[in-house]
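Here is a short briefing to read alongside the sequence and the model. Have both open as you go.

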Amino acid sequence: DHDGEAYGRSLENRTMCLLGYERYNRDLQLLAHLFSSVDVSKSRLVLKTSCHVSFFDEIHRVFPDACIVRCIRNPFDVVASMCSYTFHCRRVNFERAADAHRDSGRCALRHVSDLCRDIVWQSRVKEEKGWTFLDVRFDDVVRDPVGVCKRIAGEFGLKHDSGLEKRLRLFQEKQEELRAKKW
């Protein structure tokens, strides 16, 4: 079933999500075991998708020391990005273009509305729940990724990684070169 509504309903099933995060945790432990050079106790993992914002309870149950960074972006940009992504994914399935546009827009608006509701709720119950999260602006990440990484490390008491900083600066330079060539 490729229906966006059916997918949304499946995410609402909290028990399945908790089981999913528990499974994900076991999978990560297995990967760390297979790649024994990775010390999981010293590693930070990144779950990069907006659907996680709705499941802080489940994430903290499975990963109690989770440090969550919420990347806040203009909702209009989020809807446009999600529509584009959904449209291209559906085109792969050879759906009619008109249906893909209509459905992706409706699905994106519903998703962004749910995210906004969850973000407001999380901010209200943050201290009561003992959650640790930091809000960063997407525009700041694009403009100064190194500065944002330093801010994140400082906020969560993590060691600053100079190797990461060098890789980020190199990535930033390459992105600027690509933008210059494009335009």
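Which residues form a nonpolar patch on the surface? They are Leu30, Leu31, Leu34 and Phe35, with about 420 Å² of accessible area together. This is a predicted model, in which local features need pLDDT of at least 70, side-chain atom pairs count only at pLDDT 80 or more, and totals for chains, interfaces and linings use all residues. Residues are numbered from 1 along each chain as its sequence is written, and side-chain values use heavy atoms, with hydrogens and water left out.

**Overall layout**
- The chain has 8 helices and 2 strands (DSSP runs, numbered from the N terminus: H or I of at least four residues for helices, E of at least two for strands).
- Along the sequence, these elements follow the pattern α-α-α-β-α-α-β-α-α-α.
- Of the 183 residues in the chain, 30% are buried (buried means under 20% relative accessible area, exposed over 50%, partly exposed in between, with a 1.4 Å probe and protein chains only).

**The surface patch**
- Patches are made of residues with over 30% relative accessible area and no salt bridge, with like charges joined within 9 Å and nonpolar side chains (Val, Leu, Ile, Met, Phe, Trp, Tyr) within 5 Å.
- Accessible areas come from the Shrake-Rupley method with a 1.4 Å probe, and for residues only the protein chains shown count as cover.
- Phe35 sits in the loop between α2 (14-34) and α3 (56-62), and Phe35 is exposed, at 51% relative accessible area.

**Salt bridges**
- The whole structure holds 10 salt bridges (a side-chain nitrogen of Lys or Arg within 4 Å of a carboxyl oxygen of Asp or Glu).
- Arg137 pairs with Asp139 (3.4 Å, N to O) and with Asp140 (3.2 Å, N to O).
- Arg137 is partly exposed, with a relative accessible area of 46%, whereas Asp140 is buried, at 17%.
- Lys150 forms a salt bridge with Glu165, their closest N and O atoms being 3.8 Å apart.
- Lys150 lies in helix α7 (residues 145-156) and Glu165 in helix α8, so this pair ties together parts that are 15 residues apart in sequence.
- Salt bridges with shared partners join Arg137, Asp139, Asp140 and Arg143 into one network.

**The second largest pocket**
- Its lining consists of Val141, Val142, Pro145, Leu168, Phe171, Gln172, Gln175 and Arg179.
- A pocket is an open set of points on a 1 Å grid over the protein atoms alone, where a 1.4 Å probe fits, with protein on both sides within 12 Å along at least five of seven lines; lining residues have an atom within 4 Å of a point.
- The largest share of this lining, 5 residues, comes from α8.
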